[in-house]
Amino acid sequence: MPCSQRKARVLLKEGKAIINTYNPFTIQLTYATGETKQDCHIGVDTGAKHIGIAVTSEDKVFYKAEVELRQDVSSNLDSKRIYRRGRRSRKCRYRKPRFLNRKRTDKWLPPSLQNRINHTFAWIDEFSVLVPSPVLHIEVYSKDDKS
């Protein structure tokens with residue numbers, strides 16, 4: 001279960017815990033304890049440039065973070081497209097144009113949105129492993145909503 005920073009320092013100093021991972025910082029107890037668990041909640045707030053993540057119980061906030069998302073996906077794809085077109089125009093001068101053989105899958109999303117979704121799910125998975133049986137709260141905001 002999550003604990004305060006002070007309690008973690010005391011447990012590490014007394015040798016009752018060891019460091020498990022550094023990012024996010026987790027410790028593992030070296031002695032057996034009873035199976036006491038708190039109800040924990042993972043809150044996720046998605047946005048265009050940042051993802052807000054918080055791990056809480058009834059009255060405590062165990063972890064909170066703001067993850068900055070990549071903003072260069074579309075510009076990288078544009079430069080990739082320019083290089084590819086330049087390569088193709090140099091090699092095959094009289095080649096017939098082929099453009100009707102491409103089909104997107106039904107589940108296709110733009111790469112910038114797909115990147116945002118992948119990062120959100122990766123962080124949810126990372127915290128779901130650390131917190132026993134969490135309750136997940138996802139807040140999704142659409143800019144088009146007038147309410």
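Tutor: Start with a definition: a salt bridge is a side-chain nitrogen of Lys or Arg within 4 Å of a carboxyl oxygen of Asp or Glu. Keep in mind that the model is predicted.

Student: Is Asp78 buried, partly exposed or exposed?
Tutor: Buried means under 20% relative accessible area and exposed means over 50%. Asp78 has 37% relative accessibility, so Asp78 counts as partly exposed.

Student: How many salt bridges are there by this rule?
Tutor: Side chains of opposite charge can pair when their charged atoms come close. Among the pairs are Lys16 with Glu14 at 3.5 Å, N to O, and Asp72 with Arg70 at 3.1 Å, N to O. Arg81 with Asp78 is another. By this rule the count comes to three.

Student: Which residues form the positive surface patch?
Tutor: One of them is Arg90, found in helix H2 (residues 73-91). A patch residue needs over 30% relative accessible area, and Arg90 has 66%, so Arg90 is exposed. The patch is formed by Arg87, Arg88, Arg90, Arg98 and Arg102.

Student: What is the area of the nonpolar surface patch?
Tutor: Its members are Leu109, Leu113, Ile117 and Phe121. Ile117 sits in helix H3 (residues 111-130) and is partly exposed, with a relative accessible area of 31%. The patch made by these residues covers about 310 Å².

Student: Arg116 is also found in helix H3. How far apart in space are Arg116 and Gly47?
Tutor: Arg116 counts as partly exposed at 27% relative accessibility. Not counting residues up to four places away in sequence, Arg116 touches Gly47, Ala48, Ile51 and Leu69. Arg116 and Gly47 are 69 residues apart in sequence, and their C-alpha to C-alpha distance is 8.6 Å.

Student: Which residues is Asp39 in contact with, leaving aside its neighbours within four places in sequence?
Tutor: Asp39 is found in the loop between strand E2 (25-29) and strand E3 (41-45). With a relative accessible area of 52%, Asp39 is exposed. Its contacts, leaving aside those sequence neighbours, are Thr56, Ser57 and Glu58.

Key. Residues numbered from 1 in each chain as written. Predicted model: local features only at pLDDT ≥ 70, side-chain atom pairs only at ≥ 80, totals over all residues. Heavy atoms only, no water. Patch = residues over 30% accessible without salt bridge, like charges linked within 9 Å, V, L, I, M, F, W, Y side chains within 5 Å. Areas by Shrake-Rupley, 256 points an atom, 1.4 Å probe, with all protein chains shown as cover. Lys, Arg positive; Asp, Glu negative; His and termini not counted. Charge placed at Lys NZ, Arg CZ, Asp CG, Glu CD. Helix = DSSP H or I, 4+ residues; strand = E, 2+ residues; numbered from the N terminus. Buried < 20%, exposed > 50% of the residue type's maximum accessible area, 1.4 Å probe, protein only. Contact = heavy atoms within 4.5 Å.
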